[in-house]
2 protein chains.
Amino acid sequence: MKFTEDCIARHMRPITGSAIREIFKLLGKPGMISFAGGNPSNAALEPEVISELAVEVLQKYGTTLLQYGATEGFAPFIESAGEFLKETGVQAGPGELLPVQGGSQAWDLLLKAVIEPGDVILAEDPTFLGALQAMHIYNAKVVPIATDENGAIPEDVEEKIRAWKPKLMYIIPTFQNPSGVTLSLERRKKLAELANRYGVLLAEDDPYRDLRYSGEALPAIKSFDEEGWVVYMSSFSKYVSPGMRLGAAVANPVLLRKMTIGKQSADVHSPLITQAIVDAYLRKGLMPGHLRRICGDYKKQLDAMLAGFRFFPEGSKHTVPEGGLFVWATLPEGLDAKELLPRAVENNVAYVPGTFFYVNGEHENTLRLNFSNATIPEIESGMRKLGEALKA
Amino acid sequence: MKFTEDCIARHMRPITGSAIREIFKLLGKPGMISFAGGNPSNAALEPEVISELAVEVLQKYGTTLLQYGATEGFAPFIESAGEFLKETGVQAGPGELLPVQGGSQAWDLLLKAVIEPGDVILAEDPTFLGALQAMHIYNAKVVPIATDENGAIPEDVEEKIRAWKPKLMYIIPTFQNPSGVTLSLERRKKLAELANRYGVLLAEDDPYRDLRYSGEALPAIKSFDEEGWVVYMSSFSKYVSPGMRLGAAVANPVLLRKMTIGKQSADVHSPLITQAIVDAYLRKGLMPGHLRRICGDYKKQLDAMLAGFRFFPEGSKHTVPEGGLFVWATLPEGLDAKELLPRAVENNVAYVPGTFFYVNGEHENTLRLNFSNATIPEIESGMRKLGEALKA
């Protein structure tokens with residue numbers, strides 16, 4: 001018989017891939033200035049350094065790196081990644097840190113470990129598209145949390161915990177994607193307290209944390225976690241290389257064991273060569289200088305973008321992030337960023353309409369702007385062109 | 001409140017990790033000869049070659065390898081992997097081949113795309129433990145298929161298709177893990193025909209195929225697939241390196257698109273550096289000579305093991321595989337391979353009791369023996385010691 005989609009799981013049928021995929025196809029147009037992506041800058045990547053480290057670790061560990069490894073991870077990397085996270089206030093004891101294929105896999109494995117179809121997850125609104133898609137794949141019900149310029153609003157979280165009895169909440173506390181907003185210290189404590197009081201897991205997705213250009217670093221929500229309800233998800237994608245796909249999940253040992261079992265059948269283990277390269281990167285102390293350099297560059301790009309909002313329509317607002325890769329803009333009511341996108345693209349500038357990042361859409365007057373993938377002259381000219389397109 | 005396991009998904013609670021994990025812990029004992037693993041030989045791994053290729057591809061592609069890549073895969077690798085699979089009779093057209101983290105991820109993504117809780121999967125009995133664990137994680141019902149020295153028995157498959165209306169069947173056609181048996185040509189055609197006639201997906205897990213030491217290579221089941229019901233899962237783990245975690249899934253474009261969406265939120269994409277290294281390995285034509293060399297070595301190890309069965313208790317039987325990494329032994333009725341294991345370990349030799357590989361356990365008189373991780377003198381002495389332990 002002819003192949004039919006009837007064999008696809010019912011909850012997978014409506015999922016057709018990232019909503020912003022079509023936008024990314026436009027970016028190949030010559031002369032396009034893209035504020036649409038979320039990649040680190042190419043200038044932040046170091047192929048020569050990685051090449052040297054690859055040679056070094058293959059020399060040092062030999063066949064060990066090419067053989068099967070433990071699902072639990074490559075011991076030296078578990079140690080150095082744990083050390084790296086200490087600065088956030090996250091203490092990973094034995095059996096509490098799992099190497100993963102970027103923060104995305106940490107989230108996937110957590111969903112796999114805890115979600116039954118129909119379970120409720122609270123998520124900041126707006127939030128990261130990839131995380132939303134994963135929640136839909138696991139057939140969870142996503143309930144939005146209200147946010148403001150200090151991040152998720154604890155009163156709303158508490159109300160929704162009582163009303164919905166969620167299994168899990170998903171929070172990006174630092175330089176949030178897409179909003180650029182950072183959860184305040186007081187709210188970090190409060191969310192940890194709510195997770196512990198009500199027995200709700202809190203996934204703290206924190207991949208941008210060390211891309212800070214101003215202000216003071218804040219301790220992770222996980223650092224206020226008393227009974228093990230918070231799962232901390234870190235990633236080296238934004239610091240060393242997204243293409244290597246390496247991150248770390250920290251959770252209490254019972255939960256981490258279930259995530260490890262999920263990983264065992266998902267991909268057996270993370271590649272040893274990438275774990276060994278990032279381990280060597282950390283042990284050689286390359287991270288602090290590298291972060292200083294890229295943060296210096298990103299800060300200038302951010303400042304250029306913030307200055308460019310003078311070209312935006314009167315009444316527009318925008319966040320002023322202290323780090324990360326994104327600025328979030330709100331146009332005057334009545335303007336529709338999705339409808340305006342083709343005009344911007346005609347003007348050779350691209351962004352992502354904000355509506356895609358909301359659990360239930362709407363918010364048509366919002367947009368996300370990325371500043372890490374354009375030079376300062378490109379940002380200046382791009383913001384001018386974008387302003388023209390939005391005002392036309 | 002205290003963290004409790006109540007937050008773990010109900011179907012995940014009974015899953016406590018690979019059943020043979022405890023056996024692997026014994027292998028650290030000094031002087032132990034292990035027939036328990038499933039790793040390629042260290043002598044089959046080439047850290048110097050991989051190191052050179054890493055330098056070369058990082059030089060050639062630069063920051064491209066360190067940036068985000070497409071979930072669909074690194075274009076040169078998609079091409080060279082497709083070329084590599086042609087010899088099996090598998091033709092991967094555009095949108096039909098997805099790079100994955102080893103065959104395990106191909107299976108995980110297929111389950112994610114099609115399985116709803118309670119769906120039925122037919123699996124050869126005995127079968128690969130990791131695949132079984134993944135089926136349980138997706139909360140599928142596993143129904144065993146009867147097998148003999150030519151693999152899965154088509155009459156039993158057809159009967160079970162009619163009785164159980166499965167969504168999927170799982171077949172390892174070549175040098176099966178754990179039995180070492182190869183599905184005959186006639187049965188390959190028949191299983192493809194059944195999958196197409198009844199509209200049942202067939203996952204063809206074929207990671208050992210090119211480890212052939214005698215006999216003629218057979219075309220893949222997928223080569224007889226007319227309407228796209230067969231998913232072919234290949235892996236470079238047994239040929240180049242398990243630690244790099246790289247394989248390829250081939251499926252019809254509609255199904256592969258759903259698997260790609262699953263991968264998008266599971267880990268975004270496979271690391272570009274491993275895709276580029278294996279691509280270079282294939283393009284330089286290193287594979288045929290490498291396979292000839294390792295197959296020459298493995299054949300000698302297999303022969304030494306087969307010769308060692310003279311030490312086994314009278315009435316024992318064993319498979320005579322034409323390739324792969326495993327021999328399957330059946331002891332006289334009444335002997336229990338699980339009970340005998342401690343005695344073997346005392347004698348400094350280890351194996352995996354066969355009961356673990358059966359969907360419903362039992363078959364206590366069977367065991368799996370791996371010959372790729374011991375030298376010929378170790379195999380000779382190990383088989384003698386094992387025979388003594390089994391007879392004592």
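Domain bounds here come from an automatic or database domain assignment. On that basis, chain A splits into domain 1 (5-46 + 288-391) and domain 2 (63-285), with 24 Å between their centres, taken over C-alpha atoms. This is a predicted model, in which local features need pLDDT of at least 70 and side-chain atom pairs count only at pLDDT 80 or more, while totals for chains, interfaces and linings use all residues. Residues are numbered from 1 along each chain as its sequence is written, chains are lettered from A in the order in which they are written, and side-chain values use heavy atoms, with hydrogens and water left out.

Within chain A, 34 residues of domain 1 are in contact with 33 residues of domain 2 (heavy atoms within 4.5 Å). The area buried there (accessible area, 1.4 Å probe, that two parts lose on being put together, summed over both) is about 2800 Å², with 66% from carbon and sulfur atoms. On the domain 1 side, A:Glu322, A:Phe357 and A:Val359 lose the most area to domain 2, together 23% of what that side buries. A:Glu322 also meets A:Arg212 in a salt bridge (2.7 Å, N to O); the term covers a side-chain nitrogen of Lys or Arg within 4 Å of a carboxyl oxygen of Asp or Glu.

As for the two chains, the contact takes 87 residues from chain B and 87 from chain A. Together they bury about 7100 Å², 58% of it on carbon and sulfur atoms. In chain B, B:Phe3, B:Leu66 and B:Tyr68 lose the most area to chain A, together 11% of what that side buries. The rule finds 6 salt bridges across this interface, and B:Asp108 pairs with A:Lys112 in a salt bridge at 2.7 Å, N to O.
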